[in-house]
Amino acid sequence: AAKLWRERRRQAQEGEERAWEELREPPYFGQVTRHELSGFELGEVQAELGRCKPLVRGWLVCKTLREFPRRRAYIAFVELPGMADEDRFELCRWLERTLSLPGPVLVLWAGESPTLEEIRRSAFEPVYPQVGAQSS
């Protein structure tokens, strides 16, 4: 029984690794749909993004993974003007750990890949700032 359990655990870990690789690798806009967050969930994400001062705009898409097609996984695209790429990288990793989403999230900044134009064209409407929100 213990041997079978270890084998299933190993297979599950390998599946998780394949799913994360699929989420991290381009094409970022393949198999994506609009997020399906409830109003409350979206409000939580918008509040979290709002606390991230360098961020001026953010998009969120749901990505269907081949490894786990029924599991919710997300890609957040953020616009972070005036920051060094190293700082953008660190901020994106921090957002991946802190955003309250019901599934794993990859956070990418608008730059070379993907470009801001690609994001605007393929990631639906921004989730931040909120539509109709006043800038401070």
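Student: What should I know before I start?

Tutor: Residues are numbered from 1 along each chain as its sequence is written, and side-chain values use heavy atoms, with hydrogens and water left out. Because the model is predicted, local features need pLDDT of at least 70 and side-chain atom pairs count only at pLDDT 80 or more, while totals for chains, interfaces and linings use all residues.

Student: How many helices and strands are in the protein chain?

Tutor: Helices (H or I, at least four residues) and strands (E, at least two) are DSSP runs, numbered from the N terminus. Here there are four helices and four strands, and from the N terminus on they follow the pattern α-β-α-β-β-α-β-α.

Student: What is the order of the strands in the sheet?

Tutor: Strands of a sheet pair through backbone hydrogen bonds, either parallel or antiparallel. Two strands count as paired if DSSP finds at least two bridges between them. In this structure the sheet is open, with four strands in the order β1-β2-β3-β4 and mixed pairing. β1 (32-34) and β4 are at the edges with a single partner strand each, so one side of each has no neighbour in the sheet.

Student: How is β4 joined to β3?

Tutor: β3 (residues 73-79) and β4 run parallel, and five bridges join them. Ala76 stands opposite Val107 in β4, and Phe77 stands opposite Leu108. Between β3 and β4 the chain passes through helix α3 (residues 85-98), a β-α-β crossover that is right-handed. Right-handed means that, with the strands pointing away from the viewer, the path from the first strand over the helix to the second runs clockwise.

Student: Are the residues of β4 buried or exposed?

Tutor: Buried means under 20% relative accessible area, exposed over 50%, and partly exposed in between (1.4 Å probe, protein chains only). In β4 (residues 105-109), five of the five residues are buried. Val105, Val107 and Trp109 lie on one side, Leu106 and Leu108 on the other, and both faces are covered. Of the 136 residues of the protein chain, 36% count as buried.

Student: What lines the second largest pocket?

Tutor: Rolling a probe the size of a water molecule over the atoms shows where empty space is left. On a 1 Å grid over the protein atoms alone, a pocket is an open set of points with protein on both sides within 12 Å along at least five of seven lines; a cavity is a set where a 1.4 Å probe fits but cannot get out, and lining residues have an atom within 4 Å of a point. Grid points are joined across faces, edges and corners, and a volume is the space filled by probe spheres set on the points. The second largest pocket holds about 160 Å³ of space. Its lining includes Asp85, Phe89, Arg93, Val107 and Trp109. The largest share, four residues, comes from α3.

Student: And which residues line the largest cavity?

Tutor: Among them are Val45, Leu49, Trp59, Ala76, Phe77 and Val127. The elements that give two or more residues to this lining are α2 (39-50), β2 (57-63) and β3. About 50 Å³ of space lies in the largest cavity, and the structure holds one cavity of 30 Å³ or more.
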